[in-house]
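These notebook entries record what I looked up in the structure, in the order in which I worked.

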Amino acid sequence: MSAVEAPPPVTGRRGLPIGSAELIALVLLAAALLRTSLATLLDIPALQNWTTVFIAISVQALPFLVGGVVVSGAIAALVPPGWLAAVLPRNPAVAVPLAGVAGVALPGCECGSVPIAGRLMAGGAPAPAALAFLLSAPAINPVVVVSTAVAFPGQPRVVMARFVASLATSIIVGLVWVRVGRDEWTRRAAERLPSSGHSRREVFAETVQHDFLHAGGFLVLGAIAAATLQTAVPASVLDSLAGSGIAAVAAMGILAVVLAVCSEADAFVAASLSQFSLTSRLVFMVVGPAVDIKLIALQSGVFGRIFASRFAPLTFGVAVATSLVVGSVLL
Amino acid sequence: MVGLGAVVGRLVLTDGYLNYVKPGMRLWLISATLLLVIVGLSTFVRGLRQREHHDHGHPMTRAAWLVIVPAFALVLMPTDPLGAFAANRKETRQQPGFITFRPLPQPNDGAVTLSLSEFVDRAFLDKERQLEGLRVRLTGFVTPSEDPSASFTVTRFAMTCCAADAFPIQVDVFGQPSPEVDSWVVLTGKWKPHEGGEVEPYSEIVQFEADDLIRIDRPSNPYEAA
């Protein structure tokens, strides 16, 4: 059992936020004081580069994560549990596509959609539909559509291809999940109890805090991994993969997973990689918001490791396949 | 939460955030910071008031402690943007094929100020070759040149999303001695077109003949828009 999955014992006095707040304040104070003396010690270019990349990802993602948990908190506070389960049609064949299309309504980075989907499940939405939503929301919301249009000016088919492929991915994965997904894999999210009947504001605040800390911790893990890969892996290794055909597609898929770029911006990254074909860049844009290091870490945290180890490969495979199909037709 | 909010807040207020993300993020970061601080404080205060029944009901994973890491990193490490180390590791990227140039800005002080990306794009893609013979001013930081005949390379990073995906724009500089690596300079001079006629865009490094070099402090926004 990993440290992540075993819940720490709930003790009245030692849990967050009381004793730990003082501890954290002390640590930060110590760091601030030590900074000048440690400065020369830490003056290694590689370490500084790592830190810059790490902080960049964290800071860039932060507003979107906050935005996501605010919506998640609002859902927890305002939507009575079970409402979603009641509203979505029973037939999964209908519920999943509906949930997928509903992703259009949620602007924001993929960091935010994970806690929201967790909340939806805790509130009673069926897992496959919530997962379809989790996949579609970061990829087909208006902000991403606009950014893709800006990144590929004069080429609306790229925007369309991205929209279609991402939506198809979310629906296909949702439907597959209906067949093979097991409830215990998402049990962890459902285990979160609704807060004990406090005012809406309290529910909101507690949810925001809880979800932010939970998801934020894993975002940091993902940012650490991405920064390490960017600083430690030689650029030539990544570049030599830019051959043609299958190698390029695989490279773009892997790159999307490794780079962990927010879905609002990955279109620009894809646009600039112009040595790659449009189809392989489509793979990059469809895989990125659905599965990357940061997301895998987030999903492990919110839904558990077993879930992530099944969901990530499934999503990756479906995303690549749909991109290839859509790409060959539209691009 | 409050700790992180405070550190990020400070980062925004001191413009340090420009080392990592785009200026446009400012408003988002401010609102996110405010939210974090407000919610963090209110839960903290509520926790103080309910000291007896401090029972969370739902377990908090230990990974939540990681949230402190960025705050820690920000406090401990000097806020530095990407520099020569990253420039060595990363390949530059080219513009998507279709591009229209805005009209050249008016010269000020005898030279037209251009960003490195615009300079490089015009060198490769401007059919009208408006750069020829034009006095241009460029700003960037110094990196060693791979071309032995050049003195040094002036570099600047362009970001699409944030510093994590920034890529270097580079121009080889001739005619001035190389200052210290990673120092910032403003160069004035002219584009040095490649001998041997047209080249495949972005296949080589654009060259610049500088007749003037001024050292400057690192600008608060070290990146260019991509």
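**Entry 1. Chain A, overall**

I began with the secondary structure of chain A, which has 16 helices and zero strands. The model is a predicted one. I then looked up burial and found that 54% of the 331 residues of chain A count as buried. For contacts in chain A with a separation of 6 or more, I noted that 84% join residues 24 or more positions apart. Chain A exposes about 13200 Å², of which carbon and sulfur atoms supply 70%.

**Entry 2. Nonpolar cores**

Next I asked which residues have the most contacts inside the largest nonpolar core. They are Leu134(A), Phe284(A), Val287(A), Phe303(A) and Phe311(A), in a core of 61 residues. Helix α6 of chain A, residues 127-140, gives the most to this core, with 11 residues.

I followed Phe311(A) further. Leaving out residues up to four places away in sequence, I found that Phe311(A) touches Leu131(A), Leu134(A), Leu135(A), Val173(A), Trp177(A) and Gln299(A). Another core, of 25 residues, lies apart from the largest one, and Val120(B), Val136(B), Val142(B) and Tyr202(B) are among its members.

**Entry 3. Ser136(A)**

I returned to helix α6 of chain A to look up Ser136(A), which lies in it. Is Ser136(A) buried or exposed? Its relative accessible area is 0%, so I recorded Ser136(A) as buried. With neighbours within four places in sequence left aside, the contacts of Ser136(A) are Ala99(A), Gly100(A), Gly103(A) and Ser170(A).

**Entry 4. A nonpolar patch on the surface of chain A**

I then turned to the surface. Met160(A), Val164(A), Val325(A), Val329(A) and Leu330(A) form a nonpolar patch there, and together they have about 430 Å² of accessible area. Two helices of chain A, α8 (156-180) and α16 (305-330), each supply at least two residues of the patch. The helix that gives the most is α16(A), with three residues.

I checked one member separately. Met160(A) is placed in helix α8 of chain A. The relative accessible area of Met160(A) is 44%, which means that this residue is partly exposed.

**Entry 5. Helix α5 of chain B**

The buried residues are Leu116(B), Ser117(B), Glu118(B), Phe119(B), Val120(B), Asp121(B), Arg122(B), Ala123(B) and Phe124(B).

I also asked what covers the buried residues of α5(B). The cover includes these strands of chain B: β2 (135-143), β3 (152-159), β4 (167-174), β5 (184-192), β6 (206-216) and β7 (224-225).

**Entry 6. Salt bridges**

Glu118(B) forms one of them with Arg102(B), the closest N and O atoms being 2.6 Å apart. This pair links distant parts of the chain: Glu118(B) is in helix α5 of chain B, while Arg102(B) is in the loop between α4 (84-89) and β1 (112-113), 16 residues apart. I compared the accessibilities of the partners. Glu118(B) counts as buried because its relative accessibility is 12%, whereas Arg102(B), at 46%, counts as partly exposed.

Glu118(B) also forms a salt bridge with Arg122(B), with 3.0 Å between the closest N and O atoms. The two residues are four residues apart in helix α5 of chain B, so about one helical turn separates them. Both Glu118(B) and Arg122(B) are buried.

I next looked up Glu132(B), which forms a salt bridge with Arg129(B); the closest N and O atoms are 2.6 Å apart. Glu132(B) counts as partly exposed at 45% relative accessibility, and Arg129(B) is partly exposed with a relative accessible area of 32%. Finally, I noted that salt bridges with shared partners join Arg102(B), Glu118(B), Arg122(B) and Asp126(B) into one network.

**Entry 7. Strand β4 of chain B**

My last entry concerns β4(B). The strand is mostly covered, with seven of its eight residues buried. β3(B) and β4(B) pair in the antiparallel sense over seven bridges, and Phe157(B) has Pro168(B) in β4(B) as its bridge partner. The pairing of β4(B) with β6(B) is in the parallel sense, over four bridges. There, Val173(B) has Phe208(B) in β6(B) as its bridge partner.

Notes
Residues numbered from 1 in each chain as written. Chains lettered and ligands numbered in written order. Predicted model: local features only at pLDDT ≥ 70, side-chain atom pairs only at ≥ 80, totals over all residues. Heavy atoms only, no water. Core = buried A, V, L, I, M, F, W, Y, C linked by side-chain atoms within 4.5 Å. Buried < 20%, exposed > 50% of the residue type's maximum accessible area, 1.4 Å probe, protein only. Contact = heavy atoms within 4.5 Å. Areas by Shrake-Rupley, 256 points an atom, 1.4 Å probe, with all protein chains shown as cover. Patch = residues over 30% accessible without salt bridge, like charges linked within 9 Å, V, L, I, M, F, W, Y side chains within 5 Å. Salt bridge = Lys/Arg side-chain N within 4 Å of Asp/Glu carboxyl O. Pairing = 2+ DSSP bridges.
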